[in-house]
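This report describes a protein model chain by chain and then turns to selected residues.

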Amino acid sequence: MTGTDTTTAPAPTGADAAVTAAALALGDDALVLAQRLGEWAGSAPVLEEEVALANIALDLLGQARVLLSLAGDEDELAFLREERAFRNLQLVEQPNGDFAHTIARQLYFSTYQRLLYAALAAGDGALAGLAAKAVKEVAYHQDHAEQWTLRLGDGTEESRRRMQTACDALWRHTGEPFQPLDGLDVDPTTLEAAWLESVTAVLTRAGLTVPDGPRTGAWRAGAGRQGLHTESFGRMLAEMQHLHRSHPGATW
Amino acid sequence: MTNTDWPLWEVFVRSRRGLSHTHAGSLHAPDAELALRNARDLYTRRGEGVSIWVVPSSAITASSPDEKDPFFEPAADKPYRHPTFYEIPDGVQHL
């Protein structure tokens, strides 16, 4: 491996190229969220929650490795791409914020991921095998997020306020996952109603108000999948890629 | 968590081919549901086919160390209390 930037993904042609692009997008989702969750290490509210968040991060990193390997060299893809070459949803790159923000992000994303992987696993596409394995992990992630949403929403006045704030703040990023994605044998558009129903049920049970703002914010619509990212993402990448870029070609 | 009550829970785990639940350790959790999930992360690595029990530590009554002697004195001077008078056939192993 050389120290040059791989600013674009490898480009096979035809149907394979579409599958590769889709694997890259889903892999980037998992990679970026794993990195965000890793930031909690040593800072979680309690020791047990620390372990839970690390567990989820490790599950996601495992998914990312498989998916990125389908798209090319996993290390090269993770550590040598520029921000504009990442295809992850803007939702997963959002900063951890307080614990409520992290839980809201987990709830929104894992509900989407569970629906998507269940649909992929039911088919016979290139990603069906991976999805069948990952859907069990993702079901746990969703359950974990739901449990915490219920407790924070139905907890103290302060925890309810924070959980509501977090749900409202991230709402505008929840439309992007359901934009069509070439290369999948599942149309994400068809998952949106189930997602909305599931999230609405959890928020309602938690005594929270379902946010009523737009779910895709104007210029931000679908941007992550096109390589357009929000402000904090570059800083996250800088931290993640720093060592690899400082010592190009090193093995570890 | 300074102003939140996170009680202690005891965790009992039965492994996939285990016959009984064995005390695995303890953890803090706000309620039984999260205690179960934390126990799964901490003590089973989410291996499938295991059974977990969580019990609030406050629900467990332990024998008192102070009363150990009257409680557990084996009464060794009364050999008729022990089933030690059976002839064991030669072929029997692992008894």
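Helices (H or I, at least four residues) and strands (E, at least two) are taken as DSSP runs and numbered from the N terminus. On that basis, chain B has 2 helices and 3 strands, arranged from the N terminus as β-β-α-β-α. Chain A has 9 helices and 0 strands, so named by the DSSP runs just defined. The model is predicted.

**Overall form of chain A**

The C-alpha trace of chain A spans about 55 × 40 × 35 Å along its principal axes. Its radius of gyration is 18 Å, which agrees with the value near 18 Å for a compact globule of 252 residues. Among contacts in chain A with a separation of 6 or more, 81% join residues 24 or more positions apart. The mean positions of its 20 positive and 34 negative charges lie 3 Å apart.

| Property | Chain | Value |
|---|---|---|
| Residues that count as buried | Chain A | 51% of 252 residues |
| Residues that count as buried | Chain B | 23% of 95 residues |
| Contacts of residues 24 or more positions apart, among those with a separation of 6 or more | Chain B | 36% |
| Accessible surface | Chain A | about 10800 Å², 55% from carbon and sulfur atoms |
| Accessible surface | Chain B | about 7500 Å², 54% from carbon and sulfur atoms |

**The nonpolar core**

In soluble globular proteins, nonpolar side chains tend to be buried together. The largest nonpolar core here has 83 residues. Leu26(A), Leu116(A), Tyr117(A) and Leu120(A) are the residues with the most contacts inside that core. Which residues does Leu116(A) touch, not counting residues up to four places away in sequence? They are Leu26(A), Leu184(A), Val186(A) and Leu191(A).

**Glu48(A)**

Glu48(A) belongs to helix α2 of chain A, which covers residues 47–71. Is Glu48(A) buried or exposed? Its relative accessible area is 8%, and because buried means under 20%, Glu48(A) counts as buried. Not counting residues up to four places away in sequence, Glu48(A) touches Leu27(B), His28(B), Asn38(B) and Leu42(B). His229(A) lies 181 residues from Glu48(A) along the chain, and the C-alpha atoms of the two are separated by 32 Å.

**Thr189(A)**

Thr189(A) is placed in the loop of chain A between α7 (157–170) and α8 (192–205). With a relative accessibility of 38%, Thr189(A) counts as partly exposed, since that class runs between the limits of 20% and 50%. Leaving aside neighbours within four places in sequence, Thr189(A) is in contact with Phe178(A) and Pro180(A).

**Val13(B)**

In chain B, Val13(B) is part of strand β1, residues 8–14. Val13(B) counts as buried at 14% relative accessibility. Not counting residues up to four places away in sequence, Val13(B) touches Ser20(B), His21(B), Thr22(B), Ala24(B), Tyr43(B), Thr44(B) and Ser51(B). Asp69(B) is 56 residues from Val13(B) along the chain, and their C-alpha atoms are separated by 30 Å.

How values were computed:
Residues are numbered from 1 along each chain as its sequence is written. Chains are lettered from A and ligands numbered from 1 in the order in which they are written. This is a predicted model: local features need pLDDT of at least 70, side-chain atom pairs count only at pLDDT 80 or more; totals for chains, interfaces and linings use all residues. Side-chain values use heavy atoms; hydrogens and water are left out. The radius of gyration is taken over C-alpha atoms; the globule rule is 2.2 Å times the number of residues to the power 0.38. Buried means under 20% relative accessible area, exposed over 50%, partly exposed in between (1.4 Å probe, protein chains only). Contact means heavy atoms within 4.5 Å. Accessible areas come from the Shrake-Rupley method with a 1.4 Å probe; for residues, only the protein chains shown count as cover. Lys and Arg count as positive and Asp and Glu as negative; His and the chain ends are not counted. The place of a charge is taken as NZ of Lys, CZ of Arg, CG of Asp or CD of Glu. A nonpolar core is a set of buried Ala, Val, Leu, Ile, Met, Phe, Trp, Tyr and Cys residues joined through side-chain atoms within 4.5 Å.
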